[in-house]
Amino acid sequence: MKPSSKITQVAGTFLVLCMLTSVLLLRQVDRMRGGATLQEVLYISSPGALKRLSLGYDGLMADIYWTRAVQYFGSKHFAGSQHYDLLAPLLEITTALDPHLIVAYEFGANFLAPKPPNGAGMPQRAIELSEFGIRNNPSEWRLYYDLGFIYYMELKDYKNAADAFARGSRVPNAHPFLGVMAAQMAQHSGELQMAQMIWSTTYQSTQDRDVRANAATHLRALQVEEDVTHLGNLVAEYHARTGRLPDTFSDLQNVGLLHEVPTDPFGHTYKLTSDGRVEVRTPDDFPFLTKGTPPGYVAPPPRFLPSD
Amino acid sequence: MAAIEILGLTKTYQVGFWRKRPKCALQPLRLQVEEGEIFGFLGPNGAGKTTTLKMLMGLVYPSAGSARILGCEINDPRMKAQIGFLPEQPYFYDYLTAAELLEYYGQLSGVDAKERKRRVSEVLDRVGLPNVSGMQLRKFSKGMLQRVGVAQAILHNPRVLFFDEPMSGLDPIGRREVRDLMEELKRAGKTVFFSTHILSDAEALCDRVAIIHQGELRGVGAVADLTSSVQGKVEVVWRGNTVLPSVKTLALDSSVTGDTVRAVVLEASQDALIDTLRRERLHIVSVTPLRTSLEEYFVQKLRPAEAAAGVRS
Amino acid sequence: MSSRIRHIASNTFREAVRDRVLYNLIAFAVLMCGASILVGQISIGIERLVVINLGLTAISLFGVVIAIFIGIGLVSKEIEKRTLYTVLSRPVQRWEFIVGKFFGLAGTLVVNTFFMAIGVFLALLYVSQRFQAADGWVLVALYFIVLQFLIITALALFFSSFSSPLLSAVFAFSLFVIGSFAEDLRGFAAMAQGTTRWLATGAAYLLPNFASLNVIGSVAHGQGVAGALILSETAYAMVYAAMALCGAVLIFEHRNLK
C-alpha cells in the first residue's frame, strides 16, 4: 500500500546511471566535434541579419557572441594557432548587437591587431572596430586609448596615435595619461618609457582577464629588456676600465659599478655569459623579449600565465 | 475468505501553504466485506467515501494502515485483473467510441482478443447502450457516460466490484437498471462494494452497510440489525378540527390547520393511531413515512457523539 | 515490451491522430511548396541550401511544439479529467503508464517527421531536378532531429508528472532554448571562477545538449557527419531520455492522484 520500493530503487539507480553516462557521452561528443562547433556559429555572418533575428533580445545575443569570441580566441590561442579568422566577425557581430560593450573593443585592440600568434594580425579591422566604438560611445576615453594603442603598437604610426590620444584627452574624466601620451607621441621620444606607460595603463584600467594577463607579460618583458640594457652597459664600462670581461656580477660590485645584483620579475638572477652578454635564465617565461635571449633562441607561442 | 479487508486505513492531508497543518480525511478504518455480499458504504458528501475507494484502488496512498482485496496486496496486478471500478462521475477518453474504449480497457485487463469482442458487445447490451458504436464519447450525455462506466467496470467479469456513487446522474429508470444489475451480480456470486448518500438505494439492496461521517466509522452491520434500535416516523393527516386526547398520547407532535389535523407518530404507533381515527369515523387524508428507520439511524449517527449517546432528552 | 505498454502507446498515438495533431502536416506542406517555388524563381545557386535549412528548421520547430504541447498534458490531463482512475485500477503499473505514454508520443512524432521528410525531399527534387549524394546527410540531420524529439518528449512528460500544464510548458520550452545554447552556456561557465565555475560547468553538462544534435547548418552546406558521432549522439539522446523518464516514473510512483 506504499509506493513500490522496488520500482523506486530501480528507477533511482537507473536515473543516476543515466545521468553519469550522459555526461560521459557528452564529453565524448565534444571531443569528436572539436572545433566544428565554433565554425558553425557563423552560418549567419551578417550582424544586421542577426540583430533582426534576435527579436529584440540583442543584449542577450551580444553577450552570447561575446562569450563565443572570448572562447574562440582563448581555445585557439591555447592551441598555438596562427589563424584567427573568425575573431573579427565575432567581435563585429558582438558590437553590432550591443554597441556599448566597451570590453569587446578593448579585446579587439589587444588581440585583433597584433601579428600572429599573439593576435589575428588584422590592425585595419581593429582600427575600424575602434572607430565604430568611438562613434557609438564618444565619451569613453578607453576607446581613444585603444585606437592610439593600435596605431602605436602595431603600425608605429605616431601621427595617428598622437591624434587618437589627443582626441581622448579632451573627453571629460579622461585618464591624465592620455594628454602626456599625446605629447610624447608627437615627439616620439623615449620608446621604452612610452611602452611601459601604455602597458601599465592597460594593466591598471582593464577589467578583462586576458587583456590584463597580456599586459603583464609585456610589462615583464620590458622590465627584463631594461635590466639587460642596463647591465650590458655596465659590462661594457667594466671592460673599458679593466680591459677584461667580468666573470660574475660581483666583479661589477667590487669596482663599485653595481650596488645590488638585479633579478628578473620572477626573482631569478640574470646570467652573465663568458663572452660578456647578459641573458635571462628562463626565456620561455618572457614571450615578447627582443633582447636578453640566448643566440638562436626561438620563442614558443606566447601564452598568458593564468596567475596574472 | 473475505473479499475486502480494510485494516486501519488512515489518510491525513497537509493543508495550508505556509503553515502546514494536518487534516484528517479518514480516521483508522477497519472493515471486512465478505464474498458475495452487496455492501453499502454510506455517508454524506465529504465523509471520506471516495478517499477510501481511491486508497483501495491504489490511486492514493494511505498515511497508515493497509488493506487486502481477495487476500492480495493493493498493488498486486493479479488481483487487479479481478476487480472492477466505477469512479464517481466517470469521464473517459472522449475521442474514442464506447466500443473502442471497452476494447482498450479489455486489453489493459488482459482479456484475450476473441473473448474481448464478445464481452464488449455483451456489456454494451447489458447497460442499455447497444446502438452507439460509431459515436465518440464526447457526444455522450452524463447518463450515458455513467452507463459506459458501469460497462467498463463489469467488462472483464471481475469478482469484486467497487462503485462510487453508481446512481448519480441517472434518471429513475437508469437507477432501477443499476439496482437490477447489482442484484444480478450478487446472484452470480460477485461482491459489490458501493458508496452512496442515497439511503433508499442502500436499504433496498444491501446485505450490510457501513456509515461513515467526518472520516470516522459510525456504524456497521445488517440493515435490519442497525435499525432494530430506532424507529421510523410517520405523518398522518385527517379531516377534523381538534386533536383527540387519545391521539395526543400517541403522537410525538400534532397540529391543527383549518379543517385538517396532522400528527407525527413512531412507526410502531401508526396502526394504533389509524385504528383510533377509524373508530371515530374521521376521514384520513394521507399516511406518509417521514423517515425510514435507516434514515433515522443515519441521522442519529451523524450527530455529534454526545447527542447520539442520548444527552438530548 | 509488455503488451500493456504497447496498448497504452497505441492509444496515445490514436489520441494524437483523433485530436487532429497531424493536421500540422498541411501547414508544413504549404510552407514547403511555397518555399520551393519561390526560391526556384528568385535565388541562384542556393535553392538547395534554402530548402534544406527551411525544411529541417520547420520540421524541428513543428515537432518541438507538438512534443511540448502534447507531452505536458500526457499525465496531468489524465489526472485532471480522471481518465487515469479506470486505467490504474486495472493491472497497469504506474511506470508502465509513463513508458507507454512516452512511446505513444514518440511514435506520433516519428510518423509526423516521416511525412515531413518526404515533403523536404520532394521539394529538393523539385528545385534541383535530381538527388545528390550529399542529400543523404539530410537523413542524418532528420535522425538527429528525431533524437531531439525523444529528449523533449521525455522532459515534457517528466514535468507533466508533477506540475501544471502551463508550468510544464514553460519549463520544457526553457530547457529547449537553454539546451540549444548549450555550447555558449559552457562558454559562460568557463569564464567564471572558483565554485561558480564548477557549479556552472556541472549545470551545463546536466542540461540537455540540443546544440550538439543540431547539424542542420553543416548538412545544408553538404558537410557530412562521422559515423562514430552518429553513434555517440544516439547513445546520448537515448540515455538522456531514459534519465528524464526515470525521473517521471519516480515522481509519478509517489504521487497521490487526487
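Q: How much area is buried between chain A and chain C?
A: Keep in mind that this is a predicted model. Carbon and sulfur atoms give 71% of the area buried between chain A and chain C. The total comes to about 3200 Å².

Q: How many residues of chain C are in contact with chain A?
A: Let's take both sides of this interface. Chain A brings 33 residues to the contact.

Q: Which side chains meet in a salt bridge between chain A and chain C?
A: The count here is one salt bridge. A salt bridge needs a Lys or Arg nitrogen within 4 Å of an Asp or Glu carboxyl oxygen. This pair sits at 2.2 Å, N to O, and the partners are D30(A) and R186(C).

Q: Which helix gives the most to the side of chain A that touches chain C?
A: Three helices of chain A, α1 (5-33), α2 (36-40) and α4 (58-78), each supply at least two residues of that side. With 19 residues, the top contributor is α1(A).

Q: Which residue takes a positive phi in the hairpin of β8(B) and β9(B)?
A: Over in chain B, strands β8 (residues 208-213) and β9 (residues 216-222) run antiparallel, joined by six bridges. One of the bridge pairs is H213(B) with E216(B). Two residues lie between the strands, and the one with a phi near 50 degrees is Q214(B).

How values were computed
Residues numbered from 1 in each chain as written. Chains lettered and ligands numbered in written order. Predicted model: local features only at pLDDT ≥ 70, side-chain atom pairs only at ≥ 80, totals over all residues. Heavy atoms only, no water. Pairing = 2+ DSSP bridges. Helix = DSSP H or I, 4+ residues; strand = E, 2+ residues; numbered from the N terminus. Contact = heavy atoms within 4.5 Å. Buried area = accessible area lost by both parts, 1.4 Å probe.
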